[in-house]
Each structure stands twice: as structure tokens, then as C-alpha cells.
Amino acid sequence: MTKSKIISHLPPCIVNGRNEAGCDEAGRGCLAGPVVAAAVILPDDFSHADINDSKQLTERQREELATMIKESAMDWAIGIVDNEEIDSINILRASILAMHRALDGLKMPPGAVAVDGNKFTPWKDIPWQTVVKGDGKFANIAAASILAKTHRDKLMKEFALKYPQYGWEINKGYPTKVHRAAIAQYGPTPLHRMSFRLLDNQLTLF
């Protein structure tokens, strides 16, 4: 695997010895599809030079690292909130809900939670901390970002088989010119987030 030009070894977590779960989400800014979160508990002695924020990695690097993370982690889980739930409760709440669902999926109860960004709400009675740009600072958050991204990308590629006009196998539901042009031509699908501004002139289109 080609080593990232940006990263060296990230510390595995914020607090050692507490089975700290790192959390991150993917797909918050998309026009279609779910928001997906991951929770990952890494060993305290975990180290890997290529672990980094998923956005700084190639697709091939993410896929290879995802396999390694699943094999190396003490525990990991995925949480999903679909587009209808996003429209119902808003994307911020949906992102946090996806992280809560990922944490619910862990078989090993975490002693602490570290979350990428600056927004979270309490999960059970477990202590937690938000870390701005945490996916580039701590390995467990970076690992969560990689698992969330790879899982969501796989889902969007599967959805693209049913709705091939929108280019989701490439844009993954993000607001690219190709995606917006397809919405203008074909209209939204049942997977689009209708609470989002799909087009600048959408009020006259839908």
C-alpha cells in the first residue's frame, strides 16, 4: 500500500485503558442515500502508518485499510440512518443517531467515546469527547471514518444499479454537476433527501 504523504503514526485513542470507541460518519453533505456512521475500538498498542482521515486516502487505500481495521479492532460496528429519517429529524440529528446506532452495535461496552467534530449528544452514561478534525488526530476516529466511508460507498454503488442515471457509483450521492443535471432531467428518486436543496430552482421543478 502506498503510504499517505500526510500522516505518520496516530495515537490509538485519547484515553488508554478504557476501550475507547472512536466514532465518525459519512454522507452528511449528500443529496441522496443514508448517512452512515461507524464505531471502532482499537487496542491500546495499535499503530499503522497509513491510518488517516478517510478523505485523505484513495478508494483503494480505504478498502485495504477497512479490511485491516476489521481484523485488528477489538470491536467495530456500523450505524445507518436512511434518507426518510434524515428528512424527518434533520441531518445533524440523523448523523448523531447513526453514531448512537453504531455504538449500540458494539459487542464490547466502551468505557469512553471519542467523536469527530464538535456535535454529539450523550450515549447511555458513557463519558464522551468531541474532537474537531479528530479523524486526522486519533487512530480510532480515523478508523471509524474509513469504515463509515467504505460502507456507505458500497451502498451507493448498489443503489446506482437501480438508478443508473445519477452517477452514484462515482459521486456517491454528493451534489456534483452530473448528479444535479440528472435530478433536473429525471427528477428525484425515493432515495433523495427532499429536505435538501436538490437544485437551485427546485421549487419550480418539483
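Reader: Which residues are buried in α3?

Author: Keep in mind that this is a predicted model. An α-helix has 3.6 residues a turn, so residues three or four places apart point the same way. Here, the buried residues of α3 are Ile91, Ala94, Ser95, Ile96, Ala98, Met99, His100, Ala102 and Leu103.

Reader: What covers the buried residues of α3?

Author: The cover includes strands β1 (20–26), β2 (35–41), β3 (75–81) and β4 (112–116), along with helix α2 (83–89).

Reader: How far does α3 reach from its first C-alpha to its last?

Author: Helix α3 runs over residues 91–104, 14 residues in total, and reaches 19 Å, close to the 20 Å expected. Have a look at the start of α3 too: there, a side-chain oxygen of Asn90 comes to within 3.1 Å of the backbone nitrogen of Leu92.

Reader: Let's move to β1. Which side chain of opposite charge is nearest to Asp24?

Author: That's Lys55, 5.7 Å away. A salt bridge needs the charged atoms within 4 Å, so Asp24 has none. Asp24 lies in strand β1 and is buried. Among the residues Asp24 touches are Met99, Asp116, Asp135 and Ser145.

Reader: What does Ile78 touch?

Author: Leaving out residues up to four places away in sequence, Ile78 touches Val36, Ala37, Ala38, Arg101, Ala102, Leu147 and His151. As for Glu169, 91 residues apart from Ile78 along the chain, the two C-alpha atoms are separated by 21 Å.

Methods
Residues are numbered from 1 along each chain as its sequence is written. This is a predicted model: local features need pLDDT of at least 70, side-chain atom pairs count only at pLDDT 80 or more; totals for chains, interfaces and linings use all residues. Side-chain values use heavy atoms; hydrogens and water are left out. Helices (H or I, at least four residues) and strands (E, at least two) are DSSP runs, numbered from the N terminus. The expected span of a helix is 1.5 Å times one less than its number of residues. Buried means under 20% relative accessible area, exposed over 50%, partly exposed in between (1.4 Å probe, protein chains only). Contact means heavy atoms within 4.5 Å. A polar contact is a pair of N or O atoms within 3.5 Å; within protein, one must be able to donate a hydrogen and the other to accept it, and residues adjacent in sequence count only if both atoms are side-chain atoms. Lys and Arg count as positive and Asp and Glu as negative; His and the chain ends are not counted.
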